[in-house]
Amino acid sequence: RTNFFGAFTWAFDHMRREIIKARSGEKEAINNNKTVIATLSHDIKTPIASIRAYSEALQANMDSNAERRERYLSVIMRKCDEVTALTNDLFLHSLSDLDKLQIKKEKIAIKPLIEKTINEMAVECSDLRISGNVISAELEVDCNRFVQVLENIINNAKKYAPDTPVRLWTEKNAKNYEIHIKDGGKGIPDEDMPFVLEKFYRGKNVGNNQGSGLGLYIVNYVMKQMNGEIHLENKSDGLEVILKFICNS
């Protein structure tokens with residue numbers, strides 16, 4: 001760079017590297033935007049399915065008393081609010097990456113939230129049940145995202161292990177609070193297990209089931225943002241998913 005030609009070639013090469021870097025950043029931003037849109041679109045399907053199930057129950061006159069009818073309508077309205085929140089996320093973050101999705105953690109009593117979520121989902125999944133008593137604890141989570149995690153796991157079980165019971169139970173020790181969700185299916189093939197938490201990955205056993213390969217990726221991301229972990233274990237009689245949280249009390 002001590003003469004004119006050297007300075008020129010150095011500046012030209014520097015400009016070339018900056019262009020490559022800019023194009024790489026642009027490509028990454030585009031891919032992240034696609035991930036956000038696909039992620040939120042995936043989550044919208046769950047409350048929509050609940051709205052349909054409760055609407056069908058009303059249409060079939062399953063609301064035999066005023067109290068049950070009021071509960072069904074309340075769930076439908078709440079699920080509509082969830083769709084609104086998710087579409088707001090889609091609008092606000094369509095130009096951002098997944099890291100911009102807001103996680104608003106607060107310390108809550110987790111038992112009522114688990115029981116409420118499972119009772120509402122039981123309308124759609126008659127084989128879903130809680131085994132034993134849900135252990136009381138205070139956890140630092142985002143309530144809406146926590147419900148999305150449970151719904152994603154249970155809907156996966158319904159999709160890939162249909163007509164089998166889905167059981168949920170809780171365990172607690174000095175450090176962790178664990179939520180166990182187990183189906184009665186064939187589990188995840190061993191060769192797929194290392195990759196199932198990656199975005200857009202779909203295993204060899206999905207068959208004709210539609211999907212984007214985002215469900216477990218979403219769960220894994222949200223769990224990490226809430227300082228939690230997800231573990232998947234193949235058992236002899238089904239797949240067991242363990243959601244592990246740091247226990248505050």
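Close-up 1. Lys244 is partly exposed, with a relative accessible area of 21%, where partly exposed denotes the range between buried (under 20% relative accessible area) and exposed (over 50%), computed with a 1.4 Å probe on protein chains only. Lys244 forms a salt bridge with Glu178, and the closest N and O atoms of this pair are 3.7 Å apart; a salt bridge is taken here as a side-chain nitrogen of Lys or Arg within 4 Å of a carboxyl oxygen of Asp or Glu. Lys244 belongs to strand E7 (residues 238-246) and Glu178 to strand E5 (residues 176-182), so the contact ties together parts that are 66 residues apart in sequence. Glu178 is buried, its relative accessible area being 12%. Helices (H or I, at least four residues) and strands (E, at least two) are DSSP runs, numbered from the N terminus. The model is predicted, so local features need pLDDT of at least 70 and side-chain atom pairs count only at pLDDT 80 or more, whereas totals for chains, interfaces and linings use all residues. Residues are numbered from 1 along each chain as its sequence is written, and side-chain values use heavy atoms, with hydrogens and water left out.

**Close-up 2. Lys182 and Asp237.** The salt bridge between Lys182 and Asp237 has its closest N and O atoms 2.8 Å apart. This pair links distant parts of the chain, with Lys182 in strand E5 and Asp237 in the loop between strand E6 (229-235) and E7, 55 residues apart. Lys182 counts as buried at 8% relative accessibility, while Asp237, at 45%, counts as partly exposed.

**Close-up 3. Arg52 and Glu56 within helix H1.** Both residues lie in helix H1 (residues 4-59), where Arg52 and Glu56 are four residues apart, about one turn of the helix. Arg52 forms a salt bridge with Glu56, the closest N and O atoms lying 3.0 Å apart. Arg52 counts as exposed, at 57% relative accessibility, and Glu56 is partly exposed, with a relative accessible area of 38%. Side chains of opposite charge can pair when their charged atoms come close. A search of the whole structure finds six salt bridges, among them the bridge between Arg52 and Glu56.

**Close-up 4. Helix H5 and the residue Asn227.** Helix H5 (residues 215-225) is mostly covered, since nine of its 11 residues are buried. The buried residues of H5 include Leu216, Tyr217, Ile218, Val219 and Met223, together with Gly215 and Asn220. Asn227, which follows H5, has a positive phi, near 60°.
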